[in-house]
Amino acid sequence: MSYSTQKKNGKELNRLYEDDLPIHDWYRFVLSFPPHLVKDYIIKFGIQTDQIVLDPFAGTGTTLVECKKNGIKSYGCETNPIANFASTVKTNWSISGEELLAHATSIAEIAKKNIQQNKTPKPLNEDQTKLLIANSISDLPLKKALILLEAIDSRKSSFHNHERLAFAKQLVYSYSNLKFGPEVGVSRKKKEDVDVINLWLEDIKKMVKDLKLVETHSVVDSTSLNCDARFISHTLQPNSIDCVITSPPYPNEKDYTRTTRLENVILGYIHNAEELKETKKNLLRSNTKNVYKGDADDLWVKDIQSIQDLAAQIEAKRIELNKTSGFEKLYHKVLKLYFGGMARHLMDLKPYLKDGAKLAYVVGDQASYFRIPVRTAALLGEVAESIGYTVDGIDLFRERLSTTTKSFIREEVLLLSLKK
Ligand SMILES: C[S@@+](CC[C@H](N)C(=O)[O-])C[C@H]1O[C@@H](n2cnc3c(N)ncnc32)[C@H](O)[C@@H]1O
């Protein structure tokens with residue numbers, strides 16, 4: 001494998017690449033896994049161009065993009081609407097870059113004129129405003145961004161989605177006050193004005209350059225499905241998938257809908273609290289902010305003793321520490337819901353896999369629940385074995401220093417296979 005390695009405190013660490021590869025950075029989740037990891041497992045599993053790869057937790061499409069670059073057909077499954085949109089656009093390389101640039105330039109002119117004339121865009125309504133993280137974007141950049149978005153949406157063409165994706169990226173990384181580290185937060189220093197239109201156009205130019213680089217690769221199909229990995233879409237053919245390469249959420253208290261709230265709201269994928277709740281309900285239960293009455297995925301792991309014991313240990317610690325908040329009371333429950341949801345996913349996946357299919361799940365250990373270690377890959381391996389998969393090994397992907405516990409947290413790749 002091609003990681004750069006470095007010694008720290010006597011430990012050898014796998015370092016995250018600083019990659020700036022074409023297409024991937026059209027829009028990026030902070031939690032994306034690096035593209036080279038996908039490539040490494042394509043090679044390790046010996047995936048050929050007549051085979052099919054699935055990423056059931058596709059995020060913004062790193063696996064799909066890497067497969068397409070390597071001439072391999074792939075499917076992605078993702079429930080977060082903006083992530084699924086990004087994945088769809090990032091795998092559409094069949095448009096003309098020159099025409100995209102000409103189209104976007106004419107949009108930029110319209111938007112600039114509207115800004116100069118001090119036109120007022122349709123403001124966000126009360127429901128939308130309530131959904132946004134407070135101060136995530138200042139008034140003037142928001143006004144200019146809405147003017148640009150109106151211009152983009154008023155001139156729909158085959159470039160529309162690319163133009164919207166470039167907008168989504170700039171909205172988050174240039175126009176907003178958001179910072180990621182890895183939780184989403186708001187910078188103390190607010191951006192009071194931003195060159196909204198030119199930044200967007202620069203990003204379009206980057207897309208045009210990337211499209212040129214990959215123009216000969218656009219023949220392979222990549223399909224992004226808006227689906228819950230616990231109920232995989234029946235658009236997939238039975239016995240069709242050769243390989244799974246994925247990074248599912250893990251129980252680490254991260255709320256993916258918060259990380260992507262601004263763009264989901266402004267681009268019109270989530271309109272109100274009800275729709276946000278629906279989106280959250282379709283996600284695996286990996287944090288205490290998306291646990292709902294009636295959730296029952298935990299039943300899927302009721303017979304897995306190590307998970308039951310770990311959940312009991314977390315709850316006992318809570319009682320010992322006299323922690324009484326609603327979230328803390330849910331820690332032990334969310335752990336069982338998480339592994340139960342993964343069990344459900346692995347069970348649902350089986351009919352779509354070919355005999356001998358190989359699977360790689362990138363997951364991290366964690367210690368968010370009263371610092372009690374959760375060895376995610378090992379536990380997930382037990383879950384997988386209980387429903388008929390074989391554990392072929394656990395690779396170390398990298399280690400990260402936890403700011404809470406000051407210890408190293410392992411991110412690992414659980415390797416599975418399925419014999420039918
Ligand atoms: C660690 S991220 C994956 C990042 C991805 N590798 C990328 O390149 O962007 C996990 C993803 O799983 C998605 N997810 C969570 N629960 C899901 C479910 N039940 N079905 C499908 N996707 C889900 C989240 O929305 C998130 O995008």
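Before you click, residues are numbered from 1 along each chain as its sequence is written, and side-chain values use heavy atoms, with hydrogens and water left out. Since the model is predicted, local features need pLDDT of at least 70 and side-chain atom pairs count only at pLDDT 80 or more, while totals for chains, interfaces and linings use all residues.

**Stop 1: the ligand**

Now show the backbone of T60: one of its polar atoms is 2.9 Å from a ligand oxygen. Hop to A229, where a polar backbone atom sits 2.8 Å from a nitrogen of the ligand. At L284, a polar backbone atom is 3.0 Å from a ligand nitrogen. The ligand on its own has 600 Å² of accessible area, and the protein covers 99% of that (Shrake-Rupley method, 1.4 Å probe).

**Stop 2: helices 12 and 13**

Next, select residues 305-321 (helix 12) and 326-349 (helix 13); helices here are DSSP runs of H or I, at least four residues, numbered from the N terminus. Their axes are 8 Å apart, at an angle of about 170° (lines fitted to C-alpha atoms over the stretch in contact, with angles from 0 to 180 degrees between N-to-C directions). Helix 12 and helix 13 are therefore roughly antiparallel, the label for angles over 145 degrees. Among the contact residues (heavy atoms within 4.5 Å), show I307, L310 and I314 of helix 12 and Y331, L335 and F339 of helix 13. By class, this contact has 7 nonpolar, 2 polar and 5 charged residues.

**Stop 3: helices 12 and 14**

S306, I307 and L310 of helix 12 meet L379, E382 and V383 of helix 14.

**Stop 4: helices 6 and 8**

Finally, pick residues 139-154 (helix 6) and 196-213 (helix 8), whose axes are 9 Å apart at about 50°. P141, K144, A145, L148 and I152 of helix 6 meet V196, I197 and W200 of helix 8. That contact divides into 7 nonpolar, no polar and 1 charged.

Key:
A polar contact is a pair of N or O atoms within 3.5 Å; within protein, one must be able to donate a hydrogen and the other to accept it, and residues adjacent in sequence count only if both atoms are side-chain atoms. Helices (H or I, at least four residues) and strands (E, at least two) are DSSP runs, numbered from the N terminus. Angles under 35 degrees count as roughly parallel, over 145 as roughly antiparallel, 65 to 115 as roughly perpendicular and the rest as oblique. Ala, Val, Leu, Ile, Met, Phe, Trp, Tyr, Cys and Pro count as nonpolar, Asp, Glu, Lys and Arg as charged, and the others, Gly among them, as polar.
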